[in-house]
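Colleague: Hi! I'm new to this one, could you walk me through it?

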Amino acid sequence: MLSYRHSFHAGNFADVLKHLVLIKILEHLCKKEKPFCCIDTHAGPGDYRLNSEFALKNKEFNNGIARLWQQDNLPSSVEAYVNIIKSFNADNTLTRYPGSPLIIKHFLRNQDHLFLHELHSTEINLLNTAIGNDKRIKVAHTDGLHNAISLLPPIQHRGMVLIDPSYEIKSDYQQVVTSLSLMHKRFPLGTYALWYPVVDRSRNQHLERAIKDSGLKNVQLFELGIIADTQEHGMTASGMIVVNPPWTLSTDMQQTLPWLSKHLGLNGAGHYRIETLVSE
Ligand SMILES: C[S@@+](CC[C@H](N)C(=O)[O-])C[C@H]1O[C@@H](n2cnc3c(N)ncnc32)[C@H](O)[C@@H]1O
């Protein structure tokens with residue numbers, strides 16, 4: 001049974017990196033008029049209230065979006081991300097945080113399509129409400145890792161898949177690589193963005209090794225940490241592994257991640273990684 005609720009974590013430092021990278025990929029897809037297809041395998045409820053009891057429990061957004069909200073002189077990618085979050089909030093007051101479904105919807109043009117998946121019985125209802133009636137978007141109460149494979153290749157032959165599991169089960173670390181490889185076999189030209197947490201670094205080392213051994217090519221990794229790795233409970237860092245990234249992404253992240261690690265890192269302990277896991 002699924003117990004994870006992203007509402008406790010909305011807008012935290014991990015969402016900042018995840019959604020910033022997502023936005024860079026979507027901006028790139030929008031550069032051409034040709035339609036694209038987007039698949040979100042783990043959509044969540046779509047829309048978050050930062051004044052809800054969930055978000056206020058640990059106020060994780062305070063060390064994420066809220067810290068960037070009033071800052072001047074943001075690096076351009078951070079500014080673009082903050083401006084999109086601002087477009088969901090009236091009067092420059094941060095009360096609402098859009099999840100990946102609403103961020104992707106923000107970029108959809110008439111010709112584009114989006115497939116959303118969510119398994120949790122409460123979250124799926126919230127997601128349907130957040131999305132409303134939109135002919136470009138299909139919402140499915142089903143396993144996104146499994147269903148995404150059957151949706152590929154998309155008829156548009158352009159697009160991306162966002163894979164954002166909660167890693168509630170340890171086997172998720174292996175499962176995502178198996179599913180990613182199967183998706184990539186069906187649609188080798190697609191862009192794939194896989195989010196990961198750093199809770200126990202050895203699991204990440206296995207994940208990276210599995211990606212390297214999978215036969216995937218052109219894979220980059222972008223990671224943002226706010227404290228040094230620790231054996232104690234909790235997420236110290238998180239990252240995005242991107243297959244077939246836009247060619248400008250790595251340069252963008254060179255300008256973005258040092259700044260984010262300085263501004264979101266706790267007591268000067270912020271850190272980041274930008275690595276090519278597998279070359280082209
Ligand atoms: C980290 S949250 C998603 C957050 C969302 N992508 C965002 O950025 O706003 C992960 C979600 O995946 C859902 N989930 C877990 N396993 C799933 C699966 N196999 N297929 C679809 N949804 C799943 C969980 O219920 C949870 O709501």
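**A first look**

Modeller: Happy to! Helix α7 (residues 144-151) packs with helix α8 (residues 172-186) at an angle of about 10°, and their axes are 9 Å apart. Helices here are DSSP runs of H or I with at least four residues, strands are runs of E with at least two, and both are numbered from the N terminus. Axes are lines fitted to C-alpha atoms, for helices over the stretch in contact, and angles run from 0 to 180 degrees between N-to-C directions.

Colleague: How do α7 and α8 lie relative to each other, roughly parallel or roughly antiparallel?

Modeller: α7 and α8 are therefore roughly parallel. Angles under 35 degrees get that label, over 145 is roughly antiparallel, 65 to 115 is roughly perpendicular, and the rest are oblique.

Colleague: Which residues make the contact?

Modeller: On α7 they are L145, A148 and I149, and on α8 they are Q175, S179, L182, M183 and R186. Contact means that C-beta atoms, placed from the backbone, lie within 7 Å. By class, the residues of this contact are five nonpolar, two polar and one charged. Ala, Val, Leu, Ile, Met, Phe, Trp, Tyr, Cys and Pro count as nonpolar, Asp, Glu, Lys and Arg as charged, and the others, Gly among them, as polar.

Colleague: Before I go on, what kind of model is this?

Modeller: It is a predicted model: local features need pLDDT of at least 70, side-chain atom pairs count only at pLDDT 80 or more, and totals for chains, interfaces and linings use all residues. Residues are numbered from 1 along each chain as its sequence is written.

Colleague: Good to know. What about the sheet, in what order do the strands come?

Modeller: Eight strands make an open sheet with mixed pairing, in the order β5-β4-β1-β6-β7-β9-β8-β10. Strands pair if DSSP finds at least two bridges between them. At the edges are β5 (137-140) and β10 (271-278), each pairing on one side only. From one strand to the next, the twist averages 15°.

Colleague: Which strands does α5 touch?

Modeller: Helix α5 (residues 100-107) packs on the sheet against β1 (37-40), β4, β5 and β6 (159-163), and its direction makes about 175° with that of β1.

Colleague: And β9, how many of its residues are buried?

Modeller: Seven of the seven residues in β9 (residues 237-243) are buried. Buried means 20 or more other C-beta atoms within 10 Å of a residue's own, exposed means 12 or fewer, and partly exposed is in between, with C-beta atoms placed from the backbone. A237, G239, I241 and V243 point one way from β9, while S238, M240 and V242 point the other way. In a regular strand, side chains alternate between the two faces of the sheet.

Colleague: What are the neighbours of β9 doing?

Modeller: Strand β7 (residues 191-198) runs antiparallel to β9, joined by seven bridges, and Y196 stands opposite G239. Strand β8 (residues 219-225) is also antiparallel to β9 with seven bridges, and Q220 has V242 as its bridge partner.

Colleague: Switching topic: which residues are closest to the ligand?

Modeller: The closest are H42, G44, G99, S100 and H120, out of 21 residues that surround the ligand. A residue counts as near if its C-beta atom, placed from the backbone, lies within 6 Å. That shell has six nonpolar, ten polar and five charged residues.

Colleague: Last one: where is P153?

Modeller: P153 is in the loop between α7 and β6. The peptide bond from L152 to P153 is cis, with omega near -5°.

Key: Two residues are in contact if their C-beta atoms, placed from the backbone, lie within 7 Å.
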